[in-house]
Amino acid sequence: MSHAWWKSAVVYQIYPISFFDSNGDGIGDLNGIHAKLDYLKDLGVDVLWLSPIYRSPLADMGYDISDYRDIDPRYGTLADWDNLLKGVHDRGMKLMMDLVVNHSSDEHEWFIQSKSGKENPKRDWYYWRPPKFDATGKRQPPNNWRSVFQGSAWDYDENTEEYYLHLYVSKQPDLNWENPDVRQAVWDLMRFWIDRGCDGFRMDVINLISKVEGLPDAPITDPTQEYQLATSLVANGCVVFDPPALPGNLASDLITVGETPFTHDASQLAAYVLPANKELNMVFHFELMELDSPQGEHKPLIHRDWKLSEFREIIGRWQNFERARGFWNATFIENHDHSRAVSRFGNDSDEWRALSAKLLAMLQVSLGGTQYVYQGQELGLKNFPRSWGIEEYKDVASQNYWNRILRERKEEAGGADVDMSDVLDGFQRKARDHSRYLQWDNAPHAGFTTGDPWMRVNDDYKSWNVASQADDNDSVLNFWKRALQVRKANDVLIYGDFVDLSPDHEQVVAYTRTLDDTTVLVLLNFKETSILYTDGLGERWRTAGYLLGNYPEVPPELSFVEDGVHLRGYEGRMYIRL
């Protein structure tokens with residue numbers, strides 16, 4: 001397998017609005033990020049990925065862009081961006097921007113012109129369609145597609161008497177990638193940032209840029225709803241893979257990663273990544289991230305109990321997928337679109353939180369693929385308490401879902417008050433709101449701001465923060481530093497073959513990574529009970545060297561008892577044979 005700088009890189013995702021506020025206005029900013037560059041360098045970060053910082057009305061936290069070539073004043077200026085870039089490069093790191101071009105903001109000049117009249121040259125830059133009419137003559141949307149954020153995916157414009165398409169909120173109209181002028185405009189704005197010094201792009205929902213010709217009705221998969229998800233009609237269309245569709249040759253040394261929701265078909269995802277296609281370095285797929293949601297449905301705010309066998313199978317399948325042809329993974333277990341990993345896949349109780357957060361760190365750093373760490377993941381930050389009410393959930397997905405369920409239940413109850421506790425139960429486990437803040441110290445608002453923060457900080461900030469963990473050698477933060485150092489010192493963890501040793505085990509995930517004559521053994525106990533693990537172990541591991549573990553007491557050797565290894569609750573160990 002070929003080597004590349006971005007394959008061994010550690011990418012750290014920053015959610016700028018809640019990273020660090022430098023001027024006391026309650027909103028994170030570019031100068032706040034600059035102030036924390038030494039922290040990121042010390043952690044072991046190679047690339048900073050900034051969630052959108054362009055001008056935006058913030059209908060979807062910046063993923064609705066009104067000017068792709070300027071910085072939103074909330075975050076700073078282009079000069080501040082230049083200064084940040086210099087600070088990043090001076091420390092030997094790189095900067096990756098978030099490219100959101102499936103849709104723009106409805107306040108972007110492109111859409112303002114498109115909406116102004118049917119004869120405007122930019123009319124065809126977006127999807128416009130005439131209404132349909134039912135048997136009673138009532139106006140209806142052009143098809144039955146549902147927005148990802150609830151309701152119809154179409155909004156009506158009274159001025160031109162047509163609907164425009166928005167797969168997300170109404171203030172995010174979808175760009176028409178069938179139009180070559182749209183593609184050229186995107187290449188031009190990418191070139192703007194590359195020429196300014198940007199080192200790469202994360203491409204938001206890039207697999208949705210091509211819709212099925214004719215925009216037909218979606219299959220009815222949820223008969224209780226008027227509008228249906230159209231994922232089979234909007235994901236991975238032919239325009240995505242036309243030669244000019246994804247600019248693989250804009251700059252040969254860029255890091256590029258595409259977000260590809262609603263797609264679990266490996267062959268479809270391979271088309272984006274296989275080197276022969278000259279498209280992207282890697283993609284984010286969400287099969288693992290959707291494990292705790294109802295299967296076969298898009299219900300991200302409803303919790304589903306998952307099995308370790310399912311968790312393991314997904315990991316193993318993607319670790320081995322198309323390796324011979326050069327497929328490369330983007331390895332992550334937390335990001336801005338999901339709640340905290342330790343609350344989902346670990347155990348966030350006081351007793352087990354730190355150990356299980358370290359266990360998840362061991363899992364991530366020992367898997368092949370470029371590493372993506374989300375802000376606060378390195379601290380073991382968890383979801384906020386169930387006691388918080390709906391007023392604390394600011395995210396558009398949370399608010400829209402709450403409003404829909406509340407409306408439906410009130411209609412069924414004839415307007416009487418209804419019980420929404422089950423919805424809050426789901427939110428406490430699954431809402432995107434949980435992954436917003438980084439907690440710096442025990443000052444008010446976790447040291448994020450000296451003003452009033454735009455969103456409440458988790459109540460545990462006084463004990464779970466950067467300052468309290470920095471000087472604690474046994475902290476989650478310092479464990480992450482060691483884990484990333486171990487990964488960077490051992491190419492086997494980056495490029496090695498993956499072999500699952502525990503395909504049917506209900507408690508332990510065990511596997512090896514092998515490169516040439518070097519093999520690493522990884523043992524991860526995903527429950528609080530101790531266990532004697534035996535599967536796949538043999539005499540050759542009796543003399544292996546200890547590489548990493550999440551308990552403070554370091555075992556001097558792989559202690560075999562009855563041809564197995566005793567693992568304590570949420571214990572992880574790595575051993576190496578050269």
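What follows is a set of numbered points on helices, helix pairs and single residues in this predicted model.

1. Start with helix H3, residues 78–90. The buried positions in H3 are Leu-78, Asp-80, Trp-81, Leu-84, Leu-85, Gly-87 and Val-88. Among the elements covering those buried residues are helix H1 (30–35), helix H2 (37–43) and helix H5 (180–196), and strands S2 (47–50), S4 (67–71) and S5 (94–99) are there too. Have a look just past the end of H3 as well: Gly-92 takes a positive phi of about 75 degrees there.

2. Next, helix H10, residues 353–365. This one also passes the length check: 13 residues should give 18 Å at 1.5 Å a residue, and the end C-alpha atoms sit 18 Å apart. How many of the 13 residues of H10 are buried? Twelve are, so the helix is largely enclosed by the rest of the structure.

3. On the H10 side the contact is made by Ala-354, Ala-357, Lys-358, Ala-361, Met-362, Gln-364 and Val-365, and on the H14 side by Val-476, Phe-479, Trp-480, Ala-483, Leu-484 and Arg-487.

4. Now for another helix pair, H11 (residues 396–412) and H12 (residues 421–430). They pack at an angle of about 165 degrees, with axes 11 Å apart. Anything over 145 degrees counts as roughly antiparallel, which is why H11 and H12 get that description. The crossing of H11 and H12 is right-handed. From H11, the residues Ser-398, Tyr-401, Trp-402, Ile-405 and Arg-409 meet Asp-422, Val-423, Leu-424 and Phe-427 of H12.

5. Further along, check the loop between H12 and helix H13 (466–470), where you'll find Pro-444. Is Pro-444 buried or exposed? It is exposed, because its relative accessible area is 58%. Beyond its neighbours within four places in sequence, Pro-444 is in contact with Thr-449 and Tyr-461. Tyr-461 is 17 residues away from Pro-444 in sequence, with 8.9 Å between the C-alpha atoms. His-445 belongs to that loop between H12 and H13 too, and has a positive phi of about 60 degrees although it is not a glycine. At 28% relative accessibility, His-445 counts as partly exposed.

6. Tyr-570 is another non-glycine with a positive phi, here about 50 degrees. Look for Tyr-570 in the loop between strand S22 (564–567) and strand S23 (572–577). With 5% relative accessibility, Tyr-570 counts as buried.

7. Thr-370 is in strand S15, residues 370–374. Its relative accessible area is 0%, so Thr-370 is buried. The Thr-370 side chain reaches the backbone oxygen of Trp-6 at 2.7 Å. Leaving aside residues within four places in sequence, the contacts of Thr-370 include Trp-6, Lys-7, Ala-9, Val-11, Met-282 and Trp-328.

8. Asn-335 sits in the loop between strand S14 (330–331) and helix H9 (341–344). Despite being in a loop, Asn-335 is buried, at 5% relative accessible area. A polar atom of its side chain lies 2.9 Å from the backbone nitrogen of Asp-337. Not counting residues up to four places away, Asn-335 touches Gln-13, Phe-286, Tyr-374 and Ser-435.

9. Last one: Ala-266, in helix H7 (residues 266–273). At 18% relative accessibility, Ala-266 counts as buried, since the cut-off is under 20%. Ala-266 touches Trp-318 and Phe-321, leaving out residues up to four places away in sequence.

How values were computed
Residues numbered from 1 in each chain as written. Predicted model: local features only at pLDDT ≥ 70, side-chain atom pairs only at ≥ 80, totals over all residues. Heavy atoms only, no water. Helix = DSSP H or I, 4+ residues; strand = E, 2+ residues; numbered from the N terminus. Buried < 20%, exposed > 50% of the residue type's maximum accessible area, 1.4 Å probe, protein only. Contact = heavy atoms within 4.5 Å. Polar contact = N/O pair within 3.5 Å; in protein donor to acceptor, adjacent residues only side chain to side chain. Axes fitted to C-alpha atoms, helices over the stretch in contact; angles between N-to-C directions. Parallel < 35°, antiparallel > 145°, perpendicular 65-115°, else oblique. Left-handed = near helix turned anticlockwise from the far one by under 90°. Expected span 1.5 Å × (residues − 1).
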